[in-house]
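Colleague: Hi! Could you walk me through this model?

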Amino acid sequence: MDAWSSPLIDRSLPALVQGYSWLPGLLRERPDGVASTRVMGKPALAVRGPEAVRFFYDEHNVHRGGALPGPVLSTLFGHDAVHTLDGGAHRARKEFFLPLLQADRIAGLVEHVLPVWDDAVREWSRAEQVVLFDASSVVLTRGVCRWAGVPLDEDAGEAEHLARDLVAMVDGFATAGPRHWRARRARNRQEERFTRLVEEVRSGEAAAPDGSVLAAVCRHREATGELLHPHTAAVELLNVIRPTVAVCWFVAYTAHALHLHLRPDQRDRLRGGDTAYTAAFVHEVRRFYPFAPFLGGLAARDLSWRDASVPAGAMVLLDVFGQNHDEELWGDPYAFRPERFLDHAVERDELVPQGGAEPRAGHRCPGEGLTIGLLEALAVRLAGLDHTVPDQDLRISLRRIPARVRSGFAVRDVRVPSGSPSAEAASGTGVAARRPLADVTEKR
């Protein structure tokens, strides 16, 4: 019988209630890695595995335009964002993002963030307690805005306000109620502010540093040759800054992994600058901890995938969390083991915490390299941070999307190690001083 010829129960509510375990649950009994269901009133095909990634990202099969629900656009991505485009329009818009993939741009971002982090550590050493999730969001906001050329009025507390809004956009995209409405208000507020900034740069009222992300988005042109509408330019500027600040999720996860999963000798490898182990550790953090549950698109035409008929316009769902925890791909997937990435090279369509396929031509997140570069640098800083971990709720519920460490990971008694960049900053020497400032996962 054709997979779509019998009525299917709509699974939108179970998806909201079950969170990250929903799609893996549907696919658990399907060795072929495909399951039929219905979501948001549409027939849907759930797929998983490297071949499914290639199937999903082939624009002849799946379109992303029209697939993202309005509430997600109104919170996470913004309307008319690059994520909503396909074909030539998508490739033309993505030309704005492609330079961010270059190694020198990634290194430049890290060079802006680390001095801010080191200055923050000095402040943390004077505080009774610091919540890393919150504190790192502000560090990342300051660093990425300096790198991107976006001005911040520190006297008015703009870094803290912007950080809260950017975190809210991510935190409220997949839920109803207060978190969702907080995310909508945050997006509206920052889109208005960034639209004014774009208009001021174009009119000459404000300056954008040469080579900055701000300058690039202000002069970027669509496939039609026209400049981006100021609001669209603001949306795409936020789509650089917002995911960079969302690295605070992974900072808290990194601290969680260091505290609960790593032996002292493994921490020493991070502290000692073992670059291969650091890269493996970061990949394991991104694989092991929950971030994106799944990705969705629309069937571009009537398709067939592993004997399942997929009608044009049906939803196609790529099980990201399930793939990153697939026993066949990873072996003992719920064990945190960075060494797996020393033994096994990272394959593009196997490890997909931020999507799959080729970022230059497809829909894979172009900010993935920025995330990896930042985490590699900050993991070393965190491994070397002298502190104590007070009693707190370190659980991570898979029912909450996006998941997060419940306590945000609080630390106390932060001490600046002698000889560290933070210590040099405290003594008035070093790079930071010369730069102006500013249990285990619940399987339920």
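Modeller: Helices (H or I, at least four residues) and strands (E, at least two) are DSSP runs numbered from the N terminus. This is a predicted model, where local features need pLDDT of at least 70 and side-chain atom pairs pLDDT 80 or more, while totals for chains, interfaces and linings use all residues. Residues are numbered from 1 along each chain as its sequence is written, and side-chain values use heavy atoms, leaving out hydrogens and water.

Colleague: What's the strand order in the open sheet?

Modeller: The five strands run 1-2-8-5-3 with mixed pairing; two strands pair if DSSP finds at least two bridges between them.

Colleague: And which are the edge strands?

Modeller: Strand 1 (34-39) and strand 3 (62-63), each pairing on one side only.

Colleague: How do strand 5 and strand 8 pair?

Modeller: Strand 5 (residues 295-299) and strand 8 (residues 315-318) are antiparallel over four bridges, and G296 sits opposite L317 in strand 8.

Colleague: New topic: how much of helix 18 is buried?

Modeller: Of its 16 residues, 12 are buried, among them L370, I372 and L382. Buried means under 20% relative accessible area, exposed over 50%, partly exposed in between (1.4 Å probe, protein chains only).
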